[in-house]
Protein chains: 4
Amino acid sequence: MIRAVVWNEFVHERENPVVRSIYPDGIHAAIAAAIAADAGIEATTATLDQPEHGLPADRLKDTDVLLWWGHKAHGTVEDAIVDRVVQRVHEGMGLIVLHSGHFAKVFKRLMGTPCSLRWREAGERERVWVINRSHPITQRIGDRLELPSEEMYGEPFLVPEPLETVMISWFEGGEVFRSGLTYQRGAGRIFYFRPGHETYPTYHDATIQQILRNAVRWAYNPAAAWHGVAEAPNVPVGRAPEKITQKGACLHEPDEEGYR
Amino acid sequence: MIRAVVWNEFVHERENPVVRSIYPDGIHAAIAAAIAADAGIEATTATLDQPEHGLPADRLKDTDVLLWWGHKAHGTVEDAIVDRVVQRVHEGMGLIVLHSGHFAKVFKRLMGTPCSLRWREAGERERVWVINRSHPITQRIGDRLELPSEEMYGEPFLVPEPLETVMISWFEGGEVFRSGLTYQRGAGRIFYFRPGHETYPTYHDATIQQILRNAVRWAYNPAAAWHGVAEAPNVPVGRAPEKITQKGACLHEPDEEGYR
Amino acid sequence: MIRAVVWNEFVHERENPVVRSIYPDGIHAAIAAAIAADAGIEATTATLDQPEHGLPADRLKDTDVLLWWGHKAHGTVEDAIVDRVVQRVHEGMGLIVLHSGHFAKVFKRLMGTPCSLRWREAGERERVWVINRSHPITQRIGDRLELPSEEMYGEPFLVPEPLETVMISWFEGGEVFRSGLTYQRGAGRIFYFRPGHETYPTYHDATIQQILRNAVRWAYNPAAAWHGVAEAPNVPVGRAPEKITQKGACLHEPDEEGYR
Amino acid sequence: MIRAVVWNEFVHERENPVVRSIYPDGIHAAIAAAIAADAGIEATTATLDQPEHGLPADRLKDTDVLLWWGHKAHGTVEDAIVDRVVQRVHEGMGLIVLHSGHFAKVFKRLMGTPCSLRWREAGERERVWVINRSHPITQRIGDRLELPSEEMYGEPFLVPEPLETVMISWFEGGEVFRSGLTYQRGAGRIFYFRPGHETYPTYHDATIQQILRNAVRWAYNPAAAWHGVAEAPNVPVGRAPEKITQKGACLHEPDEEGYR
């Protein structure tokens with residue numbers, strides 16, 4: 001059983017009647033229901049307003065895949081929680097970043113780039129083209145997908161060249177965007193998936209839901225968590241794989257820890 | 001003329017007599033002299049103890065390539081300066097990260113990974129193998145390079161898969177390490193180069209100096225700085241490349257800025 | 001059940017008493033037994049001397065993962081069979097290329113590079129370092145692997161920059177080599193794995209066998225075969241996703257096939 | 001001075017009056033004139049009907065960058081010439097593959113994939129978006145480029161994940177395409193550039209011409225040709241970088257050549 005947690009800032013749904021009418025229980029509830037339709041996925045939710053944003057260390061330790069939806073409140077996510085999420089990704093937790101999450105602190109930290117883009121909220125048509133139809137994330141969705149109304153995101157999208165360009169979007173207004181991108185950071189797999197603006201019923205779309213389920217399975221790493229992924233252990237002369245003898249001057253005392 | 005700045009924390013040379021005997025004027029001075037031997041490169045230096053670590057915004061604006069050597073004092077580099085350096089890399093400034101700079105804040109921020117590794121200070125022999133002898137960074141250095149005494153860095157090196165694996169090191173004690181790696185982040189090119197432990201005269205080696213000169217030329221991006229690289233401009237309906245009409249509800253007011 | 005076929009040229013074992021003493025039934029038999037120890041893998045074998053090299057179209061169609069060992073007889077593999085294997089990889093069949101298979105026609109065709117390297121047959125020690133211990137291919141093998149006697153392969157290895165650098169080898173004689181590399185070509189996953197010289201009992205090593213089982217599972221793509229992967233279908237004006245009208249001159253007649 | 005050769009099959013211009021009216025001296029002549037407007041580029045041409053397709057070994061040896069336009073006659077390009085071009089790319093010659101050259105033998109050989117795509121000849125509008133405006137290939141062209149009438153190429157484009165995704169196209173009919181992709185194969189740099197259908201005056205467009213000039217400069221590798229790039233030299237025990245002694249059985253005689 002893959003243990004997925006759907007994180008949502010859960011702000012628009014409380015403040016804006018249009019968003020509330022589409023997602024009365026919050027975007028997180030809609031996404032959790034969608035992925036839990038896969039019998040191999042167990043989905044729970046977490047929101048910004050909960051203690052530790054709903055992501056205490058103990059819970060994150062038992063999370064296999066984290067989905068992240070944020071927009072208006074990126075700046076209020078605490079840095080300590082961001083550090084914790086990033087560390088868990090490095091250890092092997094999968095991360096699926098959704099739509100406006102491109103500017104989430106966790107995504108920017110993992111990409112090392114501005115993650116900026118151009119945008120327009122005009123309810124225009126988006127057609128998502130599948131680049132690799134044999135990829136685990138694109139199974140059972142056909143060769144493309146159409147959304148009658150979505151926010152436009154346009155290139156340039158300031159992210160590193162991805163592991164795989166899985167999908168690219170065409171927009172009615174004339175722009176293009178790399179809508180499905182995969183990354184590996186440490187032991188963790190990351191999938192960025194573009195659609196999902198809060199004023200449209202995107203997460204109620206059956207094909208979008210299939211992609212989310214596929215992505216959870218793809219991002220899941222069954223390997224044991226790599227707890228020491230950020231450590232820099234000293235390998236003393238006596239434990240070198242080949243027999244060597246110390247030469248020259250040493251800055252560090254024997255068994256001293258390295259600098260960080 | 002390429003304007004290069006060599007940054008050094010400049011701590012070991014003041015505290016440790018062995019390091020001082022090798023680099024009496026600091027590692028930065030040795031590196032600056034080495035790269036300035038290329039008539040097309042103008043080299044100046046900056047150190048941690050200077051105001052704004054020697055990297056005020058005005059100076060960084062006029063820097064084409066920044067070389068970074070740090071070790072003991074990574075933690076004391078101010079976050080505001082780190083932000084500034086990272087932004088300049090995104091805009092197009094080249095960055096060359098040297099040796100223990102693998103744990104520098106600027107490098108970790110740009111990689112999005114722990115940048116951890118295994119290490120041993122035994123003065124052992126290092127042989128750096130050139131993977132692509134036709135790469136601009138490996139010109140005029142032959143097919144490999146030997147250093148009689150260096151600190152060992154061993155895999156796994158927790159960085160993203162690079163744009164290019166340019167060099168890989170063999171160590172006497174039995175380890176291997178990807179010693180020369182290139183990355184692109186925004187408009188900026190990054191080169192990580194492993195050798196350069198402070199207790200050995202690595203930066204006095206003629207081949208190492210040639211690599212540094214090559215790397216400065218490679219990292220230099222003559223394109224105009226991309227000042228807006230981190231901005232997310234709204235493209236209103238009236239300025240869409242194709243004529244479209246507004247559909248559906250809008251969360252944002254016209255001309256409102258996006259959330260970050 | 002994953003249907004794996006182990007292909008071997010099966011020449012050295014017949015001609016050379018040393019090789020025959022190590023692999024009396026052929027390298028293919030040893031590898032097939034090793035991977036069939038995984039209850040989810042069904043392993044059969046094919047050899048050069050069989051009709052169509054043991055790879056008729058019907059059999060290849062029902063092959064999920066092909067393992068390839070060749071050395072002395074690369075040149076006698078028929079181009080028509082090479083075409084067939086390459087097409088199946090593009091359609092989604094996994095391919096694991098072993099050791100001297102670096103010069104196999106199928107591998108060179110899929111890489112588009114010379115696949116050359118440096119070599120020495122001195123029975124020296126090889127230590128294979130795991131770069132990503134959380135990768136599916138490196139499960140249950142620890143952080144490194146030692147082979148007391150192997151042929152040396154040294155960089156530069158003339159292959160494209162891989163999807164992932166999974167392992168790098170250290171050799172007693174002073175060289176390094178990227179020993180485990182992954183690629184995606186069309187719908188197919190490719191893993192190159194270095195060890196396996198015919199005069200040493202490498203494929204009898206338990207850790208090597210574990211890696212082979214892992215690699216078969218990793219290379220397996222459960223998606224339906226992408227039969228039309230090499231076709232370039234015309235999308236007539238009337239079937240364009242957006243309504244458009246024909247403009248300007250046309251070289252092709254309606255419904256004409258494209259040139260190849 | 002960069003020595004560029006523009007290769008064209010030169011068939012449509014002779015057979016089709018529309019194409020001839022646009023390119024009376026052939027597409028190659030138009031492209032050669034465009035790139036020769038850069039004082040640092042010397043441009044000559046070669047065509048299919050010439051002896052050795054205009055690419056004898058002596059000429060190719062002195063070619064820094066080859067541009068390739070082919071369409072109808074891919075199948076008549078001789079394999080020996082293809083081998084020669086591919087070898088020169090591996091040695092360091094730059095290659096720019098234009099439009100329908102996606103199906104050229106030289107491109108398919110260097111990619112190792114089908115290079116297939118979807119297409120439509122409707123004279124529709126193409127908008128090419130620049131993904132990295134700081135890339136050498138995209139200098140002095142702005143953030144996008146519009147062509148009023150072009151052939152549509154649609155994803156999926158069956159090529160390996162590129163080194164860099166430099167441009168992506170939007171088409172009036174609803175498709176998208178990765179229009180500017182870079183690759184490294186051996187010592188050679190490759191740029192695929194999509195626009196350039198023979199029935200439209202694309203190569204007379206000033207922005208397209210600027211991109212071609214930029215691409216020639218980017219693809220040029222000033223390093224000495226890597227003549228032995230495809231060789232696999234033996235490194236005998238006595239010439240190993242570290243002193244080792246022969247262990248175990250040997251298949252090869254001393255100084256014997258390896259198998260291919």
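Buried area is the accessible area (1.4 Å probe) that two parts lose on being put together, summed over both. The model discussed here is predicted.

Q: What area is buried between chain B and chain A?
A: The contact draws on 67 residues from chain B and 67 residues from chain A. Carbon and sulfur atoms give 62% of the area buried between these chains, and the total is about 5400 Å².

Q: Which kind of axis relates chain B to chain A?
A: Two copies of a chain are related by a rotation about an axis and a shift along it. Chain B can be laid on chain A with an RMSD of 0.0 Å by a turn of 180° and a shift of 0.0 Å along the axis. That relation is the one given by a two-fold axis.

Q: Why do the copies B and A meet through the same surface?
A: The contact takes 67 residues from chain B and 67 residues from chain A. The copies meet through the same surface because the share of interface residues of chain B that are also interface residues in chain A is 100%.

Q: Which residue of chain A meets Lys247(B) in a salt bridge?
A: Two salt bridges are counted between chain B and chain A. In one, with 3.2 Å from N to O, the side chain of Lys247(B) meets that of Glu172(A).

Q: Which element gives the largest share of the side of chain B that touches chain A?
A: Between chain B and chain A, 18 residue pairs are in polar contact. The elements of chain B giving two or more residues to this side are α2 (17-22), α6 (105-111), β5 (118-130) and β6 (144-154). The largest share, eight residues, comes from β5(B).

Q: Which three residues supply 31% of the area that chain A buries against chain C?
A: Chain A and chain C bury about 1800 Å² between them, with 47% on carbon and sulfur atoms. The three residues supplying more of chain A's part than any other three are Ser134(A), Trp226(A) and Glu242(A).

Q: Which residue of chain C meets Glu242(A) in a salt bridge?
A: The count between chain A and chain C is four salt bridges. One of them joins the side chain of Glu242(A), at 2.6 Å from N to O, to that of Arg125(C).

Q: Which element gives the most to the side of chain A that touches chain C?
A: Six residue pairs are in polar contact between chain A and chain C. On the chain A side, at least two residues each come from β5 (118-130) and β7 (164-171). With three residues, the element that gives the most is β5(A).

Note on methods:
Residues are numbered from 1 along each chain as its sequence is written. Chains are lettered from A and ligands numbered from 1 in the order in which they are written. This is a predicted model: local features need pLDDT of at least 70, side-chain atom pairs count only at pLDDT 80 or more; totals for chains, interfaces and linings use all residues. Side-chain values use heavy atoms; hydrogens and water are left out. Copies are superposed by least squares on the C-alpha atoms of residues with pLDDT of at least 70 in both. Contact means heavy atoms within 4.5 Å. A polar contact is a pair of N or O atoms within 3.5 Å; within protein, one must be able to donate a hydrogen and the other to accept it, and residues adjacent in sequence count only if both atoms are side-chain atoms. Helices (H or I, at least four residues) and strands (E, at least two) are DSSP runs, numbered from the N terminus.
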